Amino acid sequence: MHGEYKVPGGKLVVVDLDDHGGVLRNVRVAGDFFLEPDEALLAVNQALEGVPVDTEAAALALRIEQGLPEGTVMYGLTAEGVAVAVRRALAQATDWTDYDWQLVHERPQSPALHMALDEVLTEEVAAGRRPPTLRVWEWGGPAVVIGSFQSLRNEVDAEAAERHGITVVRRISGGGAMFVEPGNTITYSLSVPASLVSGLSFADSYAYLDDWVLGALDDMGIKAWYQPLNDITSEAGKIAGAAQKRVIGPDGGPGAVLHHVTMSYDIDADKMLEVLRIGREKLSDKGIRSARKRVDPLRRQTGLSRETVIERMIRSFDARYGLSSGGVTPDELKRAEELAAAKFSSPKWTARVP
């Protein structure tokens with residue numbers, strides 16, 4: 001069995017192993033990491049030899065740490081990273097390069113239709129009718145997108161939203177509210193087979209699915225990192241927030257994962273604070289000033305146009321994994337439009353948590 005895992009902010013870890021009667025045998029760890037002394041690699045392999053195959057990642061990492069020679073130095077490598085690679089090998093996880101990725105980047109769509117497209121395209125990936133997809137959104141109007149489990153009235157000032165012509169929609173994933181203006185926001189979705197994140201914890205899958213965008217930001221001069229659970233941030237402030245939804249496949253199959261991210265290209269902080277409550281009644285003046293500074297837009301950090309930032313992100317993904325241009329099929333669009341009208345434009349869904 002073969003498993004690979006790129007340690008967030010670190011290097012690639014590769015593990016080859018056999019399952020002999022329910023225990024690990026012939027464990028071989030490799031990668032482009034740095035490790036001293038040389039015998040530490042043998043110690044890692046030996047620490048895993050004979051371990052039951054159902055051992056959780058945390059317990060595997062502890063065995064590795066306990067087996068390391070005194071004074072061992074790891075760079076680009078962690079015991080936890082090796083443990084995850086082992087779990088991915090046992091789960092027979094797939095890799096990014098195992099797939100032919102498709103790019104969907106189309107005309108501006110309404111907020112409700114974007115919610116529906118996420119659901120429909122991820123269901124198509126889960127059913128095996130669509131290849132893994134990177135969809136870059138273009139917004140047809142301003143919106144507040146609240147998480148699946150958020151209280152509508154606690155998150156949004158309905159009068160302020162109406163005054164500013166802002167549509168409020170609820171997405172199928174959890175997480176917090178997003179304040180969206182078309183020229184100020186960059187949003188993308190990944191609809192991927194569940195096997196791509198096999199062996200990863202829910203938390204680890206966030207960093208794993210956005211490692212490519214950290215590389216794209218680095219190419220644009222931004223040193224960014226993942227801030228658990230679901231933020232991308234830099235020294236200057238928060239850049240983006242992510243959310244996920246697991247979709248079960250037909251007949252209870254492994255299914256797919258929807259992972260979507262909203263990035264701040266620019267921001268009207270005063271308007272955002274009018275529309276999003278974010279506990280503002282409890283904020284002092286100092287707290288409000290801090291909230292305005294909490295997000296640091298890509299426009300200021302890069303000096304690039306929104307279109308150029310998107311172009312460079314797509315180019316970075318393509319260079320890593322390959323990417324062919326595609327589109328939403330007529331059948332997918334028809335289903336999404338029906339879902340947008342029946343569900344995502346429905347007060348029953350939007351206010352399902354009042």
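## Asn-26 and the ground rules

Asn-26 is partly exposed, with a relative accessible area of 38% (buried is under 20%, exposed over 50% and partly exposed in between, using a 1.4 Å probe and protein chains only). Asn-26 sits in strand β3 (helices are DSSP runs of H or I with at least four residues, strands are E runs with at least two, and both are numbered from the N terminus). Its phi is positive, about 55°, although Asn-26 is not a glycine.

This is a predicted model, so local features need pLDDT of at least 70 and side-chain atom pairs count only at pLDDT 80 or more, while totals for chains, interfaces and linings use all residues. Residues are numbered from 1 along each chain as its sequence is written, and side-chain values use heavy atoms, with hydrogens and water left out.

Gln-92 is in the loop between α3 and β6 (102-105), and at 59% relative accessibility it counts as exposed.

Now for the cis peptides. One runs from Glu-36 to Pro-37, with omega near -5°, and Pro-37 is in the loop between β4 and α1. Another runs from Pro-228 to Leu-229, with omega near 5°; Leu-229 lies in the loop between β12 (224-227) and β13 (231-234).

## Helix α1 and what covers it

Helix α1 spans residues 39-48, and its buried residues are Ala-40, Ala-43, Val-44, Asn-45, Ala-47 and Leu-48. The cover over these buried residues includes β3 (23-31), β4 (34-36), α2 (57-67) and α3. After α1 comes Gly-50, with a positive phi near 85°.

Leu-48 is worth a click in your viewer. Ignoring neighbours within four places in sequence, Leu-48 is in contact with Leu-24, Val-27, Val-29, Leu-60, Ile-64, Val-82 and Val-86 (contact means heavy atoms within 4.5 Å).

## α2 against α3

Two packed helices are described by the angle between their axes and the distance between the axes. For α2 and α3, the angle is about 130° and the axes are 8 Å apart (axes are lines fitted to C-alpha atoms, for helices over the stretch in contact, with angles from 0 to 180 degrees between N-to-C directions). That makes α2 oblique to α3 (under 35 degrees is roughly parallel, over 145 roughly antiparallel, 65 to 115 roughly perpendicular, and the rest oblique).

On the α2 side you'll find Ala-57, Leu-60, Ala-61, Ile-64 and Glu-65, which meet Ala-79, Glu-80, Val-82, Ala-83, Val-86 and Arg-87 in α3. The residues of this contact split into eight nonpolar, no polar and three charged (Ala, Val, Leu, Ile, Met, Phe, Trp, Tyr, Cys and Pro count as nonpolar, Asp, Glu, Lys and Arg as charged, and the others, Gly among them, as polar).

## α4 against α13

Helix α4 (residues 111-126) and helix α13 (residues 330-344) have axes that come within 8 Å and cross at roughly 125°. The pair is therefore oblique, and the crossing of α4 and α13 is right-handed. Residues in the contact include Met-115, Leu-117 and Glu-119 of α4, along with Arg-335, Leu-339 and Phe-344 of α13. By class, the α4 contact with α13 has 12 nonpolar, no polar and seven charged residues.

Val-125 is found in helix α4 and is buried, with a relative accessible area of 7%. Not counting residues up to four places away in sequence, Val-125 touches Arg-130, Pro-131, Pro-132, Ser-191, Val-192, Pro-193 and Ala-256.

Thr-329 lies in the loop between β16 (324-325) and α13. Thr-329 is partly exposed, at 33% relative accessible area.

Terms used: A crossing is left-handed if the near helix is turned anticlockwise from the far one by less than a right angle, and right-handed if clockwise.
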